[in-house]
Protein chains: 2
Amino acid sequence: MNITVNRHSSVTIKEQVRLEIAQRIQSGLLEEGHLLPSVRQLSSQLHISLVTAHQVYQGLEKDGLIDAIRGKGTFVKKRKITPIQNTQPPHPALPPFQWQLSIPDYLPRASYWSHSAVRLPPEILDLSTASIHHSLLPLDLLQDSIKHALSKHTRSLGSYSPYQGDREFLEAISHYLFTQSGLTLEPHRLIITNGTQQGLDLFARTFLGPGDVIAMETPCFSSAIDTFRLSRATIQPIPLDHDGMRIDILEELASHGRLKAIYTVPTFQNPTGIIMSYRRRKEILEFAEANNILILEDDPHRELFSAGNGLKKLPPPLKSLDTTGRVIYLKGFSKFLFPGLRLGIMAADGSIYNRLLAIKSIADLGSPLWLQKALLLLFTSPHLTMYIKSLNQTLAQRRELVATMLSRELNPVIYYPQLAGGMHLWLTLPPDLAADDLIPAAHQRGIHFLPGSIFYPAEPELNHLRICWTNLSNEDLPKALSLLCDLLNRALTAKP
Amino acid sequence: MNITVNRHSSVTIKEQVRLEIAQRIQSGLLEEGHLLPSVRQLSSQLHISLVTAHQVYQGLEKDGLIDAIRGKGTFVKKRKITPIQNTQPPHPALPPFQWQLSIPDYLPRASYWSHSAVRLPPEILDLSTASIHHSLLPLDLLQDSIKHALSKHTRSLGSYSPYQGDREFLEAISHYLFTQSGLTLEPHRLIITNGTQQGLDLFARTFLGPGDVIAMETPCFSSAIDTFRLSRATIQPIPLDHDGMRIDILEELASHGRLKAIYTVPTFQNPTGIIMSYRRRKEILEFAEANNILILEDDPHRELFSAGNGLKKLPPPLKSLDTTGRVIYLKGFSKFLFPGLRLGIMAADGSIYNRLLAIKSIADLGSPLWLQKALLLLFTSPHLTMYIKSLNQTLAQRRELVATMLSRELNPVIYYPQLAGGMHLWLTLPPDLAADDLIPAAHQRGIHFLPGSIFYPAEPELNHLRICWTNLSNEDLPKALSLLCDLLNRALTAKP
């Protein structure tokens, strides 16, 4: 294990090491039954005292994460949350390859991975995946576009893409962003990515390292947490209020610390669904300029606006207000178009663009050329805008259904916000009820959701859960919501 | 600039910093005209003395890389190698965004990027790109496979892929690897990557960091050098002999240093074309086991075997000889099937598999599901094996053509090996002739090749060049070879 101990932190070394090992076990990186280094080895590997190493293991054992077996060594214990029974046949027993444990790695945690890699049996209604149900996606438009490219752009199957992307495709995307969101982003400011997740990762690899501090809305998309943690930067959680990321907390931080970057999902924040107000957007941008801070803006849900909750129009992306090349803008298409194709874009300016492009070239030499050509027709078609309009009409109805059902069936002590669009709903239970503990019962009833605990970069709040109300069919959604309400209501009354 | 200074290195700190800055300038990461930090800023940023910082800039100025302008500052000078005139219209003048230079990054070099991002005008015959000419690729098989998936796997357009890849596709690939190369790699040992480059990068991010040492064949694929350097590991160059990577040098190193991993392209090594012998493969594997070292085996060219140079059969991949889960195997399909689709695989065992999968999940949440479905038919079709056979018949003829033309037209002081397949040819000029210097004349004549200097992780040898003889059409290849021979012959006689 490569654990970087920060000797200048206010957190004790013992706590740092304990937390790092606990995260690896909880996220499944260290598997059940694996032999951990001895106290002596841990002490020498991390340059910590024998006493500290011993205390770390004592703490982990107390938490039920490891077992020390006299004369044999210290082993990872069975995980607390039982993952759903895998529907696939089990692997043939793997040879143990115990020697591999002597090979250290640079992984700090991958909690999103461990939660989302769970394969749900088909009878479980999935309220966890943030997708649009396939019956609502424009699969016919996608098929037409691909079919067209099959004959028109055959040769692109046999050619590498420029690292930044195909010129024609970049132009089409640029045109789309202008038409749909009023963004002026010329093709030479765009880089094609394999979805937004790659954009996050490219940013983190270019600009974040040990000692750097990145501020992020908390709770927040857990895969972003993993990405920033992998870079060994320090994550500074920033709470949200009704207008988005709290500017007062950012300002207080800036007065006695140095922030390098801010990560934000300003529109339909994941998981809370909050829309950052226009005024807050301006404030965050001014704050970043005054303190020489980069802004990483992640905008995957903008298209999912069904003008609910009294809101007529979404505030513009931060990038459209940025005149100094300070905002790096990520646009994914998985949330309303094609999760199966993994293409997104990242927009940046000046030398920041060049630096991100260099990392993209190292990461994979560029995204698939043919896939870009295959989407040309789609992104230049007037049918795309029509599809987005009609999708939002459908989603507005669904939103009504969700609101009606929850207000009718759910115990009113459970809080959830009113929605103007997006795809998530963040439910808050009373403080003494932990959503993680409800997962086994949820599976027994035939539903799955994400416990709120995975959305926190530091100490988690346990009394939240996230559901996604766009992933199920029209028939299954009401069933799943009823099962959820019943589960939560019973959990409330079953409390001691 | 984030430059990690190694105070225990035998290289002086001045030299380390000079080299790092020089590489950023030469690779285009620091662009012409950019303002560098002042001597005082450099000294304080890197914790080096003012004298050392001053000497670094003196050295860079002497090398013609920077200009110190009194009262204004130190700027990056025009690059020595003029890139080919871009055929695209120039960007509208970008605002300078000079403030961005105050944002440090973690990029050490990206030389492959700067060389390969050059966009060749269409009249230049490209001997540099390592591709198969589209007329030789199975574009019809690809079209059929995609067409089939369009109707059969429509829903996969709207679904995320499991991080490791689609089960059905993994099975098809597993079957293909067994049929084509005799490799037994069950689906649960495979991870789909966005081409081999991503596999290299995932490995480096998981296992390499400052202080780790990776050994690689030298000269070597320059993008692999960039990847390993980005991880801040130390690269140990290992020379090649007729049987591949030299085992005597590896053994000597092991006696007084610690290697963590070996990277090798054992079959048709890039750029030399050398095939590692069966015996050497066994020796390397035994060496790795004896010294607890990982092997990263990169096998993109195995299919390009046209049984030339007296060789009847290729030695098996190292992975097929590996019984302890020590070899991580990378298989790309860009070199003989579809560079425009960027899909490859990585095979690993035990906890090494899990760790690589965790990084894959952070890098991009998995490769496009629909693309995997779109290739199902191709990888299970008997036409694929037939195509590979017929491709190699064609390539055998090309190889003959290359051999005949070079032996007839090229001055015999220029050395090149006899080929048994692959796609590259590594030419060695007399020691006092630098291939980089010939690039402008080559462009004037209408050809492009890669100078050998970019294939070295440390001090480059300048008297080599790499050509790829599979990238041009049947008509263009002889023209390009004639132009190349003429250029090189003239350079020999023009020597002072």
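Trainee: How many residues does helix H17 of chain A have, and what distance does H17(A) reach from its first C-alpha to its last?

Mentor: This is a predicted model. Helix H17 of chain A, residues 476–494, has 19 residues. From first C-alpha to last, H17(A) reaches 27 Å, close to the 27 Å expected at 1.5 Å a residue.

Trainee: Which residues of H17(A) are buried?

Mentor: A residue counts as buried if 20 or more other C-beta atoms lie within 10 Å of its own. In H17(A), the buried residues are A:Leu477, A:Ala480, A:Leu481, A:Leu484, A:Leu488 and A:Ala491.

Trainee: What covers the buried residues of H17(A)?

Mentor: The cover includes helix H15 (382–409) and strands S3 (125–126), S13 (447–448) and S15 (464–468), which belong to chain A.

Trainee: How should I read a nonpolar core, and which residues have the most contacts inside the largest one?

Mentor: In soluble globular proteins, nonpolar side chains tend to be buried together. Here the largest nonpolar core has 256 residues, and those with the most contacts inside it are A:Met346, A:Leu356, B:Met346 and B:Leu356. Among the residues that A:Met346 touches are A:Ile191, A:Leu202, A:Ile328 and A:Leu356.

Trainee: How many residues does each chain give to the contact?

Mentor: Chain B gives 77 residues and chain A gives 76. On the side of chain B that touches chain A, the largest share, 11 residues, comes from H12(B). The residues of that side divide into 37 nonpolar, 29 polar and 11 charged.

Definitions and conventions: Residues numbered from 1 in each chain as written. Chains lettered and ligands numbered in written order. Predicted model: local features only at pLDDT ≥ 70, side-chain atom pairs only at ≥ 80, totals over all residues. Helix = DSSP H or I, 4+ residues; strand = E, 2+ residues; numbered from the N terminus. Expected span 1.5 Å × (residues − 1). Buried ≥ 20, exposed ≤ 12 C-beta atoms within 10 Å, placed from the backbone. Contact = placed C-beta atoms within 7 Å. Core = buried A, V, L, I, M, F, W, Y, C linked by C-beta atoms within 7 Å. Nonpolar A, V, L, I, M, F, W, Y, C, P; charged D, E, K, R; others polar. Lists of a residue's contacts leave out its neighbours within four places in sequence.
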